[in-house]
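Reader: I am new to this structure. Please show me how to read it, one feature at a time.

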Amino acid sequence: MKRWLAIVLCIVLGLSLFQPPIPTAKASYDAISAFPGAEGFGYSAAGGRGGEVYHVTSYELTGPGTFHDALMTAGTTPRTIVFDISGEITIPQIVVSDKSRITIAGQTAPRDGVTIRGNNIRFINCSDIVIRYLRFRMGVQNFNDDTMYFEDCQNVIIDHSSFSWGTDEVLSIKSKDYDNPKSKNITVQWSIISEGLLTHSMGGLIEMNTITMHHNLYAHNNDRNPKTKGQIDFVNNIIYNWGGYPYVAGGESGTKGYGNVTGNYFIAGVNSASPQYAVVRGNENYSLYLENNRIDSNKNGILDGTDTGTGMMEAEKPSVVVPERFEYPPVHMQDPEVAYDYILDHSGASLVRDKVDQRVINSVRKQTGVIIGHENDVGGFPHLAQGRAPRDTDLDGMPDAWEKAKGLNPNNPEDRNGDRNKDGYTNLEDYLNKLAAPGFPVNYPEAPPAWSGTPFIPPVEPTTEPESGPVPSLDGNAVRSVVVRDNSSNGSGNAANWSVEENLQTGDFVAGDRLTGSSVYKFVTIPDELKGMEWIRSAVGSRSATSDDLLSFYLAADADVYVAHDSRITTRPLWLTSSYEDTALIIADDQPVQFKLYKKHYTAGSYVTMGANNSTSSMNYFVILKPANPEAAPPAESPSGLNGQLTDGPEVSLHWEPVSGAGAYLIYRSTSMDPYFKVIGNSNTTEYKDTAPVMGVTYHYKVTDLNAGGESPHSASVEVLAYDATKPLPPAPSGLKITAAKSISAALAWTPVDGAVSYVIHRADSPEGAYHNLGSVSTTAYTDKTVSPSMTYYYKVSTTALGGESAASDSVSTTTNPPVAIPQVPAGLSAGDVATSSLAIAWKPVDDVEGYNIYRKGNGENEFVRIDSTVSPRYIDDSVSVDHTGYSYKVTAENEMGESAPSDELDIAMPLPAKPSNLFVGLKGKTFVGLVWTSHGEATQYNIFRESEGEPAQYVGYAKVDTYYDRTVEPGVEYTYYIKGKSASGESEPSNSVVVRTLGAPGK
C-alpha cells in the first residue's frame, strides 16, 4: 500500500505542478547532421568539417604523430583526426580545453581498430566535437579518474564508441556550475559504458546538460547508470546488472531534473541489489516521463521483462511523474524488445568488436557476468591486430584508391573539402560516412525523424529570497560583526551554518553543515598553542562561493589570525598567499583531511576580509583567533559625550570625547530596519561619518574604545532621524490594534502607510502618562518583549518617511496575562523503536509548554547539539548514522518565559547491522576470488573472512559495496568464506558460508 500511495502522489504532483513554459521557439531538425544517423540534441555537431587533417602515426605517449599531439595542437582551424595505425595507444592524461571543431574518426583505423588506454581524456569548455568508433579503456592506475569526462561543452556527439574500466566514473558529461549550466546539445548514441572498476564502479554523471542518450548499453556498473540532472532524453538503452543503483533520478539534490525515460530495457544481474527498481533515488525536484520501458527482475537467465509502469520507480524515493513527454529532439525509437537486438548487434566500436565488447555483449544475452575490480579479472586488455592504413599520397584523409574511384585527385589535398555530390557533406566526410555505415542496423534511417512543436524549456524558478528578519550580530570575545557573503546557490543557507566558537579542542565538529548525518567531521589533532582558542566554524557548502569578501569581521583586540586551508587544494587563493605566512603547522580531522595553517597579525579595530576557498570540491577554510596580548586589560572607561547630527551629503556626523590610551574606536549602529547593534566601522580619531543614510530611517549609534587587550563598555547611545525637510510629513498610521497579549509580551499590528520607510513604537504606563520610544520597525507589526505580567500598557505608533516623522496614531491598550513559570523539566525520557536508520524517544507531557527542544550528542562527541523542535512529547530521529555506537539525548520544554533546564540524559545504543545474506562466488581465477552478497543497508562496511585447510578463519579485507575480490589466494586451493556487516556498534552475525577452489594447480 505504501508503494502505490507514493506512486499516486507522484502522479498527482506531476499533474498539478508540471506547467509547460511559454513557447519561445519552434522545434526542428533544420541543420545538416554531423553524419547520417546522427540524432538527438547533439545531431548537428560540426566537428572538423571543412578543415585540416591530422594523421595519427605514432604509438608514443607524446610528440608528432601521437594521439596526444593530435588533440593538444588543434587550433582555430577545424581538424579531422584519422588513424594510420591500429591496436593499443597508451596515452598520458589529455586535457583538451577551449578547443572546437574536432572530429576523431576511429573508423579510419585499420584491422582491429584502436583502443585508447593508460589514462583519461577530459574535454573542458569545448564545442563541436565528434567522436566515432573508438574504444577508451583506462584500467587500474595509481589514481582514480573517469575514463572520459566532459565539462561545459556544447554540440558534441559520441557515436559507436566503447568506454570501460574507469576507476572513478566511466563516462561523465556535466556542467561545472549547476546554477549556470553551460553544457548543452550533447548526444551519446550506439555506445557501451561498461565495467566501472571497484571500489567505485560508476557508470557516470550526466548532469546539467541538454543531452540525448539512445541505443546505448550500460553493463556491470555498481551505480550511476547513469546519474542524471538537468534535461535528458533517455531512449532505447539497455541497463544490465547494476549493483546498487540503475538510473538515478537526481539523487539527494535540490537541482532540477527533467527526464524522458522511454523504450529502455532494464535487466537485473547477479549484483543487482534491488532488481525490481529501474529508476531510483528520485525527489520532488526531478520530473519524469516514464513510458514503454521493460524491467526483467527475476534473474532467471531468460529475457522476459514486463512494463511495470511507475512500479519500476523506487517507492521510497519517487520522482514527480508527468503525463506528457518533454519536447526534446526525437530519435527513431523502437519497442524495447526490438531495440534490445539492435543495441546488442551494433553498439560500441562495432565495426570490429574486441574481445571485451564481445564478452560484455554475451554476458547481457546470457544474463551472466559480474561487476569487477580489475581488468585482469576478465582477461585484461585483449590482443588487437595491427595494420597500416591504405595509401593516402596527399594526406587528405582519403585513400588514393577511393579518390580515384570518385573522380578526385589523389595528389590534391584540397579536394577533401569539396562537395562533389552536393549532399552537404565534404568529400572527406563522404568517405568517413561510408566507413561508418555498417555500424547501423540495416535500413536504419539516415536522417533524424521529423520534428515540430515547441521545445521544452525548464520553467524559471522564482528568485525571491527567503523571508528573514534582522538577526543579531555574530560576535565572539575577539571578533565583532562577523559577516558571511556567500554568493553560491545556497548562500543564505550556508551562511546560517557559520558560527563563532569558544575553546577549540579535538573532538569538535569541523563544519557547521556537518553536525549530523553520515558526513560528520571532527578534529583529531590541533597544535597545542591553538587549543582553547576562539575560532570561526565555517560551512562546507561555502566552498562553492566566489565572493571576494566571503568572510569579514572586526577585531576587538590585538590578535594573530590563523586560516586553516585544506592541504589538498593545490592552488592557494591570492588573498591568502599574498598576506598570510605559512606556519608549517597542521590541523587534521577524521576524514582524514589535513589543513595547513597560515597566520597574520592584526591590531585592535582592524577590519579583516577573506575571499573564496579556491576549490569547490575540498573542505572550506576556517579561522582561528589567538590573542596577541592575553595579559593586557581592556579599557575600563567608555567614550562619553557622543553626539550625532544629519549633515549635508547627506551623512550622519558623529563626535565624542577622547579616551586616554585608546588605540582605536569601534562604531556600532542599529536602525529602524534592523534593531540589533552591529559594528559598521572603525576610527583612530574621535569622529566618524556614516555616509549615505536612507531617508526616513531612524539610526542609533554607540561607540567603544580599544587597546591591545580588548574593548571598553559601550557608550550611551544617540539617535538620529534621517529625513529631507523639503518633503511633506507622512500621515500617522491607522488601525492600530493588539493582536496578542501574554505574560511578558504584547503584539501590535496596524495598517500600512503609503511611502512609509519605518514605524516608531511608543508606550506609556497610563492613559495620560508620558510616552517613550520603544524602537522602530520596517514592518506593520511589533512585539513588545519588555512588559511585565498583569500590567496595563498604552501604545501609539508614528510613521517615518522621506519628510520625517508623523504625529502619533490613536492609542490602544492591553493588560498582560498573569505570570507563568518557566516550564518544568521534561521527565520520563525513554526510548521507543530502535533501528539503524532511526531512533524514537518519548517523555511525559509538561504543563504550560509551547514546545520542546531536542538535543543530541553522538558517542565520542564533546557537546550536545540542538537538532530539532516539536510540539509533541515524542520524537523520531531519522538523521542517525551507523558511524556512531550510539547517541545521547536531552529534551527541554519552552514557553514565553524561557527554556527549562534539560532533562536527564537518555543513552541509546545503535543496534548491530543485520547479517548479510545470499553470499556466493561471482567470479574466480588462479589468483582471485570474487564474492557477491546481499546487504541490508545497515553497515558502514563488510568484513570478509576466509579459512582453508590448515589455516583458521582470518580477516582478509573489507568492502563498501556488495562485492569483494580477494587477491591474496593461491592457485588450486579450496577456501571457505563468510562475511559480517560492520558498523561503529560492532559486527553482525556471519553470513552463510561458501566454498570455492581457485583455478590452476596448487603451487603453480
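Reader: Which hand does the crossing of α3 and α4 have?

Author: The crossing of α3 and α4 is left-handed. The near helix is turned anticlockwise from the far one by less than a right angle. Helices (H or I, at least four residues) and strands (E, at least two) are DSSP runs, numbered from the N terminus. One caution: this is a predicted model, where local features need pLDDT of at least 70, side-chain atom pairs count only at pLDDT 80 or more, and totals for chains, interfaces and linings use all residues. Residues are numbered from 1 along each chain as its sequence is written, and side-chain values use heavy atoms, without hydrogens and water.

Reader: At what angle do α3 and α4 pack?

Author: Axes are lines fitted to C-alpha atoms, for helices over the stretch in contact; angles run from 0 to 180 degrees between N-to-C directions. Here α3 (residues 336-346) packs on α4 (residues 355-366) at about 155°. Their axes are 9 Å apart. That makes α3 roughly antiparallel to α4 (over 145 degrees).

Reader: Which residues of α3 and α4 meet?

Author: Contact means heavy atoms within 4.5 Å. From α3 come Tyr340, Asp341, Leu344 and Asp345. They meet Ile361, Val364 and Arg365 of α4. By class, this contact has four nonpolar residues, no polar ones and three charged ones. Tyr, Leu, Ile and Val count as nonpolar, Asp and Arg as charged.

Reader: Now the sheets. What is the order of the nine strands in the open sheet with parallel pairing?

Author: Strands of a sheet pair through backbone hydrogen bonds, either parallel or antiparallel. Two strands pair if DSSP finds at least two bridges between them. In this sheet the order is β3-β6-β9-β12-β15-β17-β19-β22-β25. The edges are β3 (87-90) and β25 (294-296), and each of them pairs on one side only. Neighbouring strands are turned by 15° against each other on average, direction ignored. Ile192 stands opposite Leu217 in β17.

Reader: Where do α3 and α4 lie against these strands?

Author: α4 packs on the sheet and touches β9, β12 (162-164), β15, β17, β19 and β22. Its direction makes about 85° with that of β17. α3 lies across β17, β19 (238-240), β22 (265-267) and β25. Relative to β22, α3 runs at about 75°.

Reader: How many salt bridges does the structure hold?

Author: A salt bridge puts a side-chain nitrogen of Lys or Arg within 4 Å of a carboxyl oxygen of Asp or Glu. The structure holds 38 of them. One of them joins Arg137 to Asp354, with the closest N and O atoms 3.1 Å apart. Arg137 lies in β9 (residues 135-137) and Asp354 in the loop between α3 and α4, so the pair ties together parts 217 residues apart in sequence.

Reader: What is the strand order in the open sheet of seven strands?

Author: Read it as β28-β30-β36-β32-β34-β33-β29, with antiparallel pairing. β28 (499-501) and β29 (523-525) stand at the edges with a single partner strand each, so one side of each has no neighbour in the sheet. Neighbouring strands here are turned by 30° against each other on average, direction ignored. Within this sheet, β32 (residues 559-566) and β36 (residues 622-627) pair over six bridges, in the antiparallel sense. Ala564 has Phe622 as its bridge partner in β36.

Reader: Which peptide bonds are cis?

Author: Look at omega. From Gln591 to Pro592 the bond is cis, with omega near 10°. Pro592 is in the loop between β33 (581-589) and β34 (594-602). Gly649 and Pro650 are also joined by a cis bond, with omega about -10°.

Technical notes:
Parallel < 35°, antiparallel > 145°, perpendicular 65-115°, else oblique.
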